Amino acid sequence: RAIGQLPLREQTVLNLYFGVKDDPRNLVKIASILGMSPERVRQIKINGVKQLRSSLKARTVYSSADVF
């Protein structure tokens with residue numbers, strides 16, 4: 001659900017990279033599919049992971065029972 005909140009480009013790269021719906025792919029294969037450079041795919045992946053991490057941290061509320 002959290003990935004669905006990201007921009008479409010980040011969603012696509014992360015879904016392909018982590019194999020959410022099928023087999024995971026590397027940056028070169030994703031770049032070929034999307035018609036961009038592997039470096040650009042890497043940048044989008046990093047940005048998407050940062051956004052995803054930030055979104056999940058904002059939603060997560062820990063109690064003391066979770067820590068110990």
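Select residues 38-59. This is helix H3, with 22 residues, and it reaches 31 Å from its first C-alpha to its last, close to the 32 Å expected at 1.5 Å a residue. The expected span is 1.5 Å times one less than the number of residues. Helices here are DSSP runs (H or I, at least four residues), numbered from the N terminus.

The model is predicted: local features need pLDDT of at least 70, side-chain atom pairs count only at pLDDT 80 or more, and totals for chains, interfaces and linings use all residues. Residues are numbered from 1 along each chain as its sequence is written, and side-chain values use heavy atoms, without hydrogens and water.

Next, pick Val41, Ile44, Lys45, Gly48 and Leu52, the buried residues of H3. Buried means under 20% relative accessible area, exposed over 50%, partly exposed in between (1.4 Å probe, protein chains only). Look down the axis of H3: its buried residues fall within an arc of 105°, so they line one face. The arc is taken from the directions from the helix axis to the C-beta atoms.

Show helix H1 (8-18) and helix H2 (27-34); both are among what covers these buried residues. Now turn to the other side of H3, where Lys50, Lys57 and Ala58 are exposed.

Stay on H3 for Glu39 and Arg42, three residues apart, about one turn of the helix. They form a salt bridge, with the closest N and O atoms 2.7 Å apart. The term means a side-chain nitrogen of Lys or Arg within 4 Å of a carboxyl oxygen of Asp or Glu. Glu39 is partly exposed at 38%; Arg42 is partly exposed at 34%.

Last stop: Arg25 and Asp22. Their salt bridge has its closest N and O atoms 3.2 Å apart. A search of the whole structure finds two salt bridges.

Key: Helix = DSSP H or I, 4+ residues; strand = E, 2+ residues; numbered from the N terminus. Contact = heavy atoms within 4.5 Å.
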